[in-house]
Amino acid sequence: MTDTKPVPKRPRGRPVEKPLPELIPDTPLNIARAIMQGPPKKDWDYLKESK
């Protein structure tokens, strides 16, 4: 019998295109309050990268 090395398996699932951002170390209430105090953005990243 011959000694063969096992072939490594491919990772499962679809590759990540845009990884999740870092978690914000604060309460959801404080985060929502900070977001609602400022004006809305005029240019969004997802609109710039359209194909």
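In what follows, Lys and Arg count as positive and Asp and Glu as negative, while His and the chain ends are not counted; the place of a charge is taken as NZ of Lys, CZ of Arg, CG of Asp or CD of Glu. On this basis, the mean positions of the 11 positive and 7 negative charges of the chain lie 6 Å apart. The model is predicted, so local features need pLDDT of at least 70 and side-chain atom pairs count only at pLDDT 80 or more, whereas totals for chains, interfaces and linings use all residues. Residues are numbered from 1 along each chain as its sequence is written, and side-chain values use heavy atoms, with hydrogens and water left out.

The overall form comes next. The chain has a radius of gyration (taken over C-alpha atoms) of 22 Å, whereas a compact globule of 51 residues would have one near 10 Å, by the rule of 2.2 Å times the number of residues to the power 0.38. Along the principal axes, the C-alpha atoms fill a box of roughly 70 × 35 × 10 Å. Buried residues (under 20% relative accessible area, 1.4 Å probe, protein chains only) make up 0% of the chain.

The secondary structure comprises 2 helices and 0 strands; helices (H or I, at least four residues) and strands (E, at least two) are DSSP runs, numbered from the N terminus. Methionine 36 lies in helix α1. Methionine 36 is exposed because its relative accessible area is 69%, exposed meaning over 50% and partly exposed between the two limits. Tryptophan 44 lies in the loop between α1 (28-37) and α2 (45-48), and tryptophan 44 counts as partly exposed because its relative accessibility is 41%.
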